[in-house]
Amino acid sequence: MKLATIGVGNAGSKVVDRMVEFESKTNRSLCRHVHAINTARTDLAKPEYIPEEQRVLVGDTNQKSKGHGVGGDVEIGAEVMSADVDEIRRAFDDIEIHNVDAILVAAGLGGGTGSGGGPVVIDALQDMYDEPVYALGILPGEYEGGRPALNAARSLQSFVNKVDNFIGFDNDAWRAREQTIQEGYESMNRELAARIVTLLAAGETDETDVAENAMDSSDIIRTLATDGVSSIGYAATAVDAQPEGLLDRWGGSGANAEDHLDDASQAKKIKSLVRRATNSRLTLPCAVSSAERVLVVVSGPPSEFSRKGIESARQWLEQEAGTVEILVGDDPREGSSRLAAAVLLSNVSNAPRIETLQNQAVDAQEQIAEQEAAREDKINDLITDENDDLDPVI
Ligand code: GDP
């Protein structure tokens, strides 16, 4: 499909930057239009692949931001973005909407700009265009503490209520203990970019190249049209890798046997790849059986595709996911050295991390309210005399 892709805030812009990098390195053409929007000038300088002229600084004349960000305050993020919504609309005016199928807004939900400003950006896009709007939302790690959890749990509601689909990414699930936070983010952003681009870029290949089971952008749009929360699984393998044991079992007598071997081994390879992708670490850990719809894109050189493999992968998924709404299709990438499967689990109802996030957020909200009340009491104690004999002047 063809996307207009908009990164809001620091994490959102970094992920979009990695998406553009991944598609350019793998000869895909997904993001027909990109924008990075931020309240912090320094963060806006970070992307390497988003062109300078596509970066929008908002709130630089706003007293609460002045180009230095919103300090992780979700309310200020929403306020600053709303105050500059005309500027954002002007930037979106140059989206060539006839050239895109959908719009994707990426943001980290634990901070202020992406979390508070993202929903404002989505409103502006929905006012201007009829195309579906999807969100790619990053949930903060539990270790980040109560405030990011509270920001995220609140803005998750705003995002999901507004968009046609919310694709989640859980920083907790992807954190590697041995990495620094920055190193961790770098590799997470790359992993996320590979998944989302492999999935959504399907259907954008040369017409002459169209394979038998080619996935179409309308299939992707239909699978995403659930108004819910989704997750992506992914697996990839080198194209010359053979599934173990097959060579021995079918091993070589004459041309027919070899044809048979090729066909059967390719089918097996596709099925096991789809299985691995479904059972892989998902962008947002969830129960596969809780998905309403499932879509699988098998991407790689067409010589590796197998109709039988696609069919048996679909049958296996039907059992696994317990739904009949399953689409499995190819995305031919001539010359690619890898065969990859991206599995979209659309509208999942069982994602335990969301509940733990909400619990952490509720605790944080209570703690913040208690601290504020205690602080008010202390200030009152400080400025009033012991017996409350004195009155303020006015
Ligand atoms: P904003 O600019 O105010 O929206 O805030 P940030 O995007 O800097 O941070 C918001 C949240 O996103 C943080 O609480 C982290 O959970 C997460 N985050 C920040 N940077 C990255 C990143 O590069 N990758 C990932 N996966 N998460 C990030």
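Student: Is Asn171 buried or exposed?
Tutor: In this predicted model, Asn171 counts as buried because its relative accessibility is 6%, and buried means under 20%.

Student: Where does Asn171 lie?
Tutor: Asn171 is in helix α7, which covers residues 171-174.

Student: And what does Asn171 touch, leaving out residues up to four places away in sequence?
Tutor: Its contacts are Ile138, Leu139, Pro140, Gly141, Glu144, Tyr185 and Met188.

Student: What does UniProt say about Asn171?
Tutor: The unreviewed UniProt entry places a "binding site" feature there, and the set also holds Gly112, Thr113, Gly114, Glu144 and Asn189.

Student: Which of those residues turn up in the lining of the largest pocket?
Tutor: The lining takes in Gly112, Thr113, Gly114, Glu144, Asn171 and Asn189.

Student: OK, on to the ligand. How many residues surround it?
Tutor: There are 17 residues around the ligand, and the closest are Ala11, Lys14, Gly114, Glu144 and Asn189.

Student: Glu144 again. How far is its side chain from the ligand?
Tutor: An N or O atom in the Glu144 side chain is 2.5 Å from an oxygen atom of the ligand.

Student: What about Gly112?
Tutor: There a polar backbone atom of Gly112 is 3.0 Å from a ligand oxygen.

Student: How much of the ligand's accessible area does the protein cover?
Tutor: On its own the ligand has 570 Å² of accessible area, and the protein covers 90% of that.

Student: Back to Asn189. Which helix is it in?
Tutor: Asn189 belongs to helix α8, residues 181-200.

Student: Buried or exposed?
Tutor: Asn189 is buried, since its relative accessible area is 8% and the cut-off for buried is under 20%.

Student: What does Asn189 touch, beyond residues up to four places away in sequence?
Tutor: Asn189 touches Lys14, Val15 and Arg18. Lys14 is also one of the residues closest to the ligand.

Student: Last one, Thr113. Where is that?
Tutor: Thr113 lies in helix α5, residues 113-128. With a relative accessibility of 9%, Thr113 counts as buried.

Student: What does its side chain pair with in a polar contact?
Tutor: The side chain of Thr39, at 2.7 Å. Leaving out residues up to four places away in sequence, Thr113 touches Val8, Gly9, Asn38, Thr39, Val70, Met81 and Gly118.

Methods
Residues numbered from 1 in each chain as written. Predicted model: local features only at pLDDT ≥ 70, side-chain atom pairs only at ≥ 80, totals over all residues. Heavy atoms only, no water. UniProt positions renumbered as here; feature names shortened; annotations may be inferred. 1 Å grid on protein atoms, 1.4 Å probe; cavity = no way out; pocket = protein on both sides within 12 Å on 5 of 7 lines; lining within 4 Å. Helix = DSSP H or I, 4+ residues; strand = E, 2+ residues; numbered from the N terminus. Buried < 20%, exposed > 50% of the residue type's maximum accessible area, 1.4 Å probe, protein only. Contact = heavy atoms within 4.5 Å. Polar contact = N/O pair within 3.5 Å; in protein donor to acceptor, adjacent residues only side chain to side chain. Near = heavy atom within 4 Å. Areas by Shrake-Rupley, 256 points an atom, 1.4 Å probe, with all protein chains shown as cover.
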